[in-house]
Amino acid sequence: MSGEITYDSAHEAEVIEGEAPDVQAPQGLKGGDGMGCHAGAAEMKRAAEAAGKSEILEQYARDYPMGPHDQPQSMCPAFGSLRVGLRMRRVGTILSGSACCVYGLTFVSHFYGARRSVGYVPFNSETLVTGKLFEDIREAVHDMADPAQYDAIVVTNLCVPTASGVPLRLLPTEINGVRIVGIDVPGFGVPTHAEAKDVLAGAMLNYARAEAEAGPVPRPAQGTDDRPSVALMGEMFPADPMMIGAMLAPMGLAAGPVVPCREWRELYAALDCGVAAAIHPFYSAAMREFTAAGRPIVGSAPVGLDGTADWLANIGAAFGVPAAQVAAAQNAFIPAIKGALAATPVKGTITLSGYEGSELLVARLLIESGAEVPYVGTACHRTEQSRADREWLEARGVTVKYRASLEDDCAAMEAIRPDLAIGTTPVVQKGKELGIPSLYFTNLISARPLMGPAGAGSLQEVVNAAMANKDRMAHMREFFEGVGTGETAGVWEGDPNVQPQFRALHQKKLDKAARAAKAAEMI
């Protein structure tokens with residue numbers, strides 16, 4: 001699909017429902033063997049491969065290479081794909097997994113404002129082993145496929161169904177005109193919830209690309225722009241796409257849809273772009289679909305001075321825009337960015353870590369704001385599209401750690417003792433215990449604009465306010481010194497019942513064991 005997409009002004013044509021073959025019992029993890037969701041990652045992966053899931057696991061290994069830890073250290077990865085589906089209009093969601101997992105995922109989803117029902121297909125040892133679970137899923141999909149309510153239904157296998165080989169690929173691709181998209185999102189195959197967003201985004205783009213190649217597709221509800229467009233990969237603050245669109249306008253270009261999209265028809269408009277911009281560089285599956293559609297990929301983002309100038313130049317080169325128009329776009333916004341950076345500079349040392357995929361972009365903005373950032377850790381994997389940001393940071397003495405573990409992030413913070421630590425919840429907790437002002441990356445940093453002049457101004461305000469609390473943090477740490485830590489942890493009605501004699505006795509045992517080990521070495 002190297003050319004433009006053909007849009008059909010009429011509604012979608014009626015599609016004959018496909019028939020799914022009978023399913024044999026999966027040969028992977030058995031629910032009745034005492035393993036189930038309590039099996040380790042290695043055992044579940046082995047079971048999934050034995051059950052016919054080796055191809056998808058191999059693709060995940062290529063798309064999302066593992067790091068030093070074999071399981072996610074953030075929330076369940078499936079939350080990422082679940083959130084993408086729940087944010088789309090006229091898209092239904094069905095989960096298949098252990099009840100405890102589904103409960104946790106739906107709880108977190110509603111905590112983040114989903115306000116939409118999530119379908120659940122329960123199972124037990126018998127339905128898992130006999131293959132009845134797949135039949136139950138198929139029945140649930142048929143019951144839910146109402147074209148008056150849904151354009152698509154997403155069915156997600158969690159860890160146990162994936163390890164057991166439940167074959168979602170055998171579901172009908174469409175029922176009554178409702179598209180059926182089946183994905184596997186196991187914790188032992190997808191490292192982070194951010195990358196799980198790409199799993200679903202890539203699957204939907206693949207489906208939409210096949211539709212566009214087959215013939216005319218419905219035009220997006222909001223219409224299409226006559227100007228060549230740039231599709232944007234990665235969830236971002238709502239104002240950022242509008243700011244990007246304003247920066248592209250002098251070059252005669254428009255900002256296309258953001259992937260993950262908010263409705264199905266936006267997928268067609270995204271694929272109809274001239275260039276796809278990997279604002280978040282870990283969208284491997286989505287980039288594969290854009291490449292298959294003949295769309296070039298441009299990395300990095302218009303963040304800060306250097307980032308904006310370089311990104312606009314790269315976009316212009318990809319479209320063949322005359323140099324004068326590129327310069328006009330740069331000159332229209334770079335002075336405003338420079339002014340915003342200079343208005344409220346950041347003075348201090350900051351360590352930064354997170355699992356959203358925009359960590360390197362935030363670090364660039366902080367450095368251009370005047371901060372010293374010696375360490376940046378991201379839970380996402382290294383890609384070619386993040387190379388420009390990594391090289392820019394490393395040229396300024398920054399240590400960039402991909403697939404950073406919680407231990408990496410905490411060790412960096414403890415060694416550097418920054419004026420501000422930006423990180424995940426446990427990093428923030430550890431930082432505050434040490435008396436270091438700390439900010440949660442997801443809620444307080446990535447929930448702000450980053451692009452253009454607006455990004456330069458908004459980030460400095462919250463960072464400077466947090467660093468101004470350093471003396472307050474030190475006073476609080478001094479006031480609560482020794483409370484709620486070590487042997488005084490927990491809830492006490494009176495004074496903590498400290499037993500120093502027990503500590504002394506235990507120390508004697510440790511010393512005796514050390515002397516015995518030393519003596520054994522001498523023999």
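## Basis of the description

Contact here means heavy atoms within 4.5 Å. The structure is a predicted model, in which local features need pLDDT of at least 70 and side-chain atom pairs count only at pLDDT 80 or more, while totals for chains, interfaces and linings use all residues. Residues are numbered from 1 along each chain as its sequence is written, and side-chain values use heavy atoms, with hydrogens and water left out.

## Overall fold

The protein chain holds 20 helices and 16 strands, where helices (H or I, at least four residues) and strands (E, at least two) are DSSP runs numbered from the N terminus. With a radius of gyration of 26 Å, close to the 24 Å that the globule rule gives for 523 residues, the protein chain is as compact as a globular protein of that length; the radius is taken over C-alpha atoms, and the rule is 2.2 Å times the number of residues to the power 0.38. Along the principal axes, the C-alpha atoms fill a box of roughly 80 × 65 × 50 Å.

Among contacts in the protein chain with a separation of 6 or more, 75% are accounted for by residues 24 or more positions apart. Of the 523 residues, 52% count as buried, that is, under 20% relative accessible area, with exposed over 50% and partly exposed in between (1.4 Å probe, protein chains only).

## Nonpolar cores

A nonpolar core is a set of buried Ala, Val, Leu, Ile, Met, Phe, Trp, Tyr and Cys residues joined through side-chain atoms within 4.5 Å. The largest one has 58 residues, and those with the most contacts inside it are Met204, Met233, Val259, Trp264 and Phe290. Helix H7 (residues 193-214) gives the most to this core, with 10 residues. A second, separate core of 57 residues includes Met247, Leu341, Val376 and Trp392.

## Phe290 and helix H10

Phe290 lies in helix H10 (residues 284-292), where Ser284, Ala285, Ala286, Met287 and Glu289 are buried along with Phe290. Leaving aside neighbours within four places in sequence, Phe290 is in contact with Leu205, Ala231, Met233, Val259, Ala270, Leu271, Cys273, Ala276, Arg295 and Ile297. Just after H10, Gly294 takes a positive phi of about 85 degrees.

## Gln501 in helix H20

Gln501 is found in helix H20 (residues 500-522) and is partly exposed, with a relative accessible area of 43%. Gln501 and Asp226 are 275 residues apart in sequence and, C-alpha to C-alpha, 80 Å apart in space.
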